[in-house]
Amino acid sequence: MLRDDNANGGGRRAPRNVLGEPLDICSFKPMTGFYRDGCCNTGREDIGNHTVCVVMTSAFLEFSKSRGNDLSTPQPKFGFPGLKPGDRWCLCAARWQEAFEASQAPRVVLRATHEAALGYCSLADLKRLAVDLA
């Protein structure tokens with residue numbers, strides 16, 4: 001469900017993760033999410049679908065940079081601290097899928113990954129790289 005969709009005539013349903021549970025926080029440090037609320041929430045204005053909570057790796061940061069999206073260099077004018085291995089971040093679902101197909105995808109925090117990611121990624125693939133399955 002999108003962040004700004006209404007359910008039951010005006011109330012909003014809490015965002016859900018890919019497991020159908022309430023969406024967990026991805027990271028406050030660094031502050032992540034399209035809305036910079038710490039969660040991988042999404043809405044109509046989130047064209048990139050920043051819904052997959054990942055744990056950054058050196059390999060993925062290099063992969064992303066090679067694809068024209070340098071996530072490791074700070075961009076202070078945009079309030080972007082630059083990411084390092086171990087940081088959690090709400091990644092675009094299509095980028096995660098691209099990295100998965102290239103065997104470069106970072107690990108996934110399923111409980112903090114928004115259900116909208118399933119429009120781009122299969123649950124089975126996300127589970128293969130999950131850090132939070134018991």
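**Burial, sheet and pocket**

Biologist: Is Ala105 buried or exposed?
Modeller: Ala105 counts as buried, because its relative accessibility is 17%. Here buried means under 20% relative accessible area, exposed means over 50%, and partly exposed lies in between, with a 1.4 Å probe and protein chains only.

Biologist: Before we go on, what sort of model is this?
Modeller: It is a predicted model: local features need pLDDT of at least 70 and side-chain atom pairs count only at pLDDT 80 or more, while totals for chains, interfaces and linings use all residues. Residues are numbered from 1 along each chain as its sequence is written, and side-chain values use heavy atoms, with hydrogens and water left out.

Biologist: Where is Ala105 found, and which residues is it in contact with?
Modeller: Ala105 sits in the loop between H2 and E3. Helices (H or I, at least four residues) and strands (E, at least two) are DSSP runs, numbered from the N terminus. Setting aside neighbours within four places in sequence, Ala105 is in contact with Trp96, Ala99, Phe100 and Leu129, where contact means heavy atoms within 4.5 Å.

Biologist: Which residues of H2 are buried, and what covers them?
Modeller: The buried residues of H2 are Ala93, Arg95, Trp96, Gln97 and Ala99. Their cover includes E1, H1, E2, strand E3 (107–108) and helix H3 (123–128). After H2 comes Ser103, with a positive phi near 55 degrees.

Biologist: How many residues has the largest nonpolar core?
Modeller: That core has 22 residues, and those with the most contacts inside it are Val52, Met56, Phe60, Leu71, Leu83, Trp96 and Leu126. Strand E1 (50–55), helix H1 (58–66), strand E2 (88–92) and helix H2 (93–101) each contribute at least two residues to this core. Apart from it there is another core, of 6 residues, including Cys26, Cys90, Val109 and Ala112. By nonpolar core I mean a set of buried Ala, Val, Leu, Ile, Met, Phe, Trp, Tyr and Cys residues joined through side-chain atoms within 4.5 Å.

Biologist: What does Phe60 touch?
Modeller: Leaving out neighbours within four places in sequence, Phe60 is in contact with Leu71, Leu91, Arg95, Ala99, Gln104 and Pro106.

Biologist: Now the sheet. What is the strand order?
Modeller: The order is E2-E1-E3, in an open sheet of 3 strands with antiparallel pairing. E2 and E3 are the edge strands, each pairing on one side only. Two strands pair if DSSP finds at least two bridges between them. E1 is joined to E2 by 5 bridges and to E3 by 2 bridges.

Biologist: Which residue stands opposite Val54 in E2?
Modeller: Trp89 stands opposite Val54 in E2, and Val108 is the bridge partner of Val54 in E3. For Val55, the partner in E3 is Arg107.

Biologist: Is Thr113 buried or exposed?
Modeller: Thr113 counts as buried, because its relative accessibility is 0%. This residue lies in the loop between E3 and H3. Not counting residues up to four places away in sequence, Thr113 touches Arg16, Asn17, Val18, Leu23, Thr51, Val52, Cys53 and Val108.

Biologist: Finally, how much space lies in the largest pocket, and what lines it?
Modeller: The largest pocket holds about 310 Å³ of space. Its lining has 16 residues, of which His50, Asn69, Leu71, Phe80 and Trp89 lie nearest the centre. E2 gives the most to this lining, with 4 residues. On a 1 Å grid over the protein atoms alone, a pocket is an open set of points where a 1.4 Å probe fits, with protein on both sides within 12 Å along at least five of seven lines; lining residues have an atom within 4 Å of a point. Grid points are joined across faces, edges and corners, and the volume is the space filled by probe spheres set on the points.
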